[in-house]
Amino acid sequence: MITLHHLNNSRSQRILWLMEELDIPYQIRFYQRDAKTMLAPPELKAVHPLGKSPVITDDGNALGKVTLAESAAIIDYLVKTYGNGRLMPVENSPERIRYDYWMHYAEGSAMPPLVMKLIFNQIPKQKMPFFARPIACKITERVVGTYIDPQLKLHLDYLSNELQPSGWFVGNDFSAADIQLSFPLEAASQRTNLKQQYPKLVDFLQRIHARPAYQRALQKGGAYAYAK
Ligand SMILES: N[C@@H](CCC(=O)N[C@@H](CS)C(=O)NCC(=O)O)C(=O)O
């Protein structure tokens with residue numbers, strides 16, 4: 001049986017969604033973020049030393065018990081082990097090269113500026129001596145304005161141009177790469193001007209949110225603020 005170690009409002013939602021798309025049996029173990037720090041609870045470190053989500057364990061595999069972290073590695077494992085050819089283009093095809101690229105790109109390139117934006121947005125809200133606040137705000141404004149926001153624009157322009165006429169990122173068909181890209185795009189819709197400036201990406205989000213498997217995953221996973 002596969003167990004998904006699921007943190008509320010997190011990247012783990014896309015693993016839940018993938019398992020619903022593939023219609024494979026699984027169970028969920030729920031973890032709640034600390035309300036102040038937003039970090040995962042320490043129990044997750046008993047499952048994987050980094051204590052982050054998603055993590056899966058799978059004891060129903062011929063390989064013995066598998067414990068796996070990192071969204072792209074989990075998606076790859078689930079699709080290859082249980083997909084029966086679904087949601088992944090065949091090997092040695094141009095589509096597969098594009099698919100593999102997006103699987104790496106989502107966490108390797110798209111997420112870093114989005115995480116930076118989240119963190120820098122928090123700086124002005126922190127407690128600090130009154131005389132430090134104007135300096136902290138000035139530095140934040142400068143880093144966001146000269147680096148983070150231009151990087152986000154670069155990535156959103158790129159993603160918007162790369163969306164295929166099919167409405168998916170790889171080729172004609174919906175694939176697990178669309179699932180992997182869902183989280184950076186959902187995060188961008190909360191932290192950037194995506195909703196105002198990128199109608200094609202808004203349509204993509206609406207398209208994935210309307211999928212029955214996505215809706216089932218939402219019901220099973222509990223709070224997920226990014227599905228708006
Ligand atoms: N690149 C990793 C990132 C994992 C990650 O940072 N997960 C976040 C949730 S979205 C987390 O567990 N945060 C809580 C913490 O760091 O304590 C992946 O794609 O799985």
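**Notes on the predicted model**

1. Arg 11 and Glu 107 join their side chains in a salt bridge, at 3.0 Å from N to O; the term denotes a side-chain nitrogen of Lys or Arg within 4 Å of a carboxyl oxygen of Asp or Glu. The pair links distant parts of the chain, 96 residues apart: Arg 11 is in the loop between strand S1 (2–7) and helix H1 (12–22), and Glu 107 is in helix H3. Helices (H or I, at least four residues) and strands (E, at least two) are DSSP runs, numbered from the N terminus.

2. This is a predicted model: local features need pLDDT of at least 70, side-chain atom pairs count only at pLDDT 80 or more, and totals for chains, interfaces and linings use all residues. Residues are numbered from 1 along each chain as its sequence is written, and side-chain values use heavy atoms, with hydrogens and water left out.

3. Arg 11, Arg 14 and Glu 107 form a network of salt bridges. Glu 107 is buried at 18% relative accessibility, whereas Arg 11 is partly exposed at 24% (buried: under 20% relative accessible area; exposed: over 50%; partly exposed: in between; 1.4 Å probe, protein chains only).

4. The structure holds eleven salt bridges. One of them pairs Arg 98 with Glu 162, with the closest N and O atoms 3.1 Å apart. This pair also links distant parts of the chain, Arg 98 being in helix H3 and Glu 162 in helix H4, 64 residues apart.

5. Ser 175 is in the loop between helix H4 (133–162) and helix H5 (176–191). Ser 175 is buried, at 3% relative accessible area.
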